[in-house]
Amino acid sequence: MHFLIFPIGFILWYLAYDTKPQINDEVTNLWEQENINKRGKLLNILKESYYASK
């Protein structure tokens with residue numbers, strides 16, 4: 001009886017993992033784009049300060 005616990009557990013885990021919601025909406029995309037823009041601005045500031053110090 002104990003040898004059935006692990007296979008049943010894995011099957012239930014797979015079903016729960018497979019049915020989890022995938023978040024891919026416009027708000028997430030907008031947030032990611034804002035973060036990319038902020039990172040780009042910060043990298044530009046760092047590059048400018050690095051080249052100005054030479």
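The following legends describe close-up views of a predicted model of a protein.

**View 1. The overall fold of the protein consists of two helices and zero strands.** The protein has 54 residues, and buried residues make up 0% of them. Its accessible surface comes to about 5,800 Å², and carbon and sulfur atoms account for 67% of that area.

**View 2. Helix H1 covers residues 5–18.** This helix has 14 residues and reaches 20 Å from its first C-alpha to its last, which is close to the expected 20 Å at 1.5 Å a residue. Helix H1 is hardly covered, as the count of buried residues among its 14 residues is zero. One of the residues found in helix H1 is Leu 12. Leu 12 counts as exposed because its relative accessibility is 54%, and the cut-off for exposed residues is over 50%.

**View 3. A nonpolar patch lies on the surface of the protein.** The patch is formed by Phe 3, Leu 4, Phe 6, Ile 8, Phe 10, Ile 11, Leu 12, Trp 13, Tyr 14, Leu 15 and Tyr 17. Together, these residues have about 1,300 Å² of accessible area.

**View 4. Trp 13 and Tyr 17 form a stacked pair of aromatic rings.** The count of aromatic pairs in the model comes to one. The ring centres of Trp 13 and Tyr 17 are 5.6 Å apart and the ring planes stand at 20 degrees, so the pair is stacked; planes under 30 degrees apart count as stacked. Trp 13 and Tyr 17 are separated by about one helical turn, because they are four residues apart in helix H1. With a relative accessibility of 54%, Trp 13 counts as exposed, whereas Tyr 17 is partly exposed, with a relative accessible area of 48%.

**View 5. Helix H2 covers residues 26–53.** Helix H2 has 28 residues, and the span from its first C-alpha to its last is 41 Å, close to the 40 Å expected at 1.5 Å a residue. The number of buried residues among the 28 residues of H2 is zero, so this helix lies largely in the open.

Conventions
Residues are numbered from 1 along each chain as its sequence is written. This is a predicted model: local features need pLDDT of at least 70, side-chain atom pairs count only at pLDDT 80 or more; totals for chains, interfaces and linings use all residues. Side-chain values use heavy atoms; hydrogens and water are left out. The expected span of a helix is 1.5 Å times one less than its number of residues. Buried means under 20% relative accessible area, exposed over 50%, partly exposed in between (1.4 Å probe, protein chains only). Accessible areas come from the Shrake-Rupley method with a 1.4 Å probe; for residues, only the protein chains shown count as cover. Patches are made of residues with over 30% relative accessible area and no salt bridge: like charges are joined within 9 Å, nonpolar side chains (Val, Leu, Ile, Met, Phe, Trp, Tyr) within 5 Å. A salt bridge is a side-chain nitrogen of Lys or Arg within 4 Å of a carboxyl oxygen of Asp or Glu. Rings of Phe, Tyr and Trp (its six-membered ring) pair if their centres lie within 6.5 Å; planes under 30 degrees apart count as stacked, over 60 as edge-to-face and the rest as tilted.
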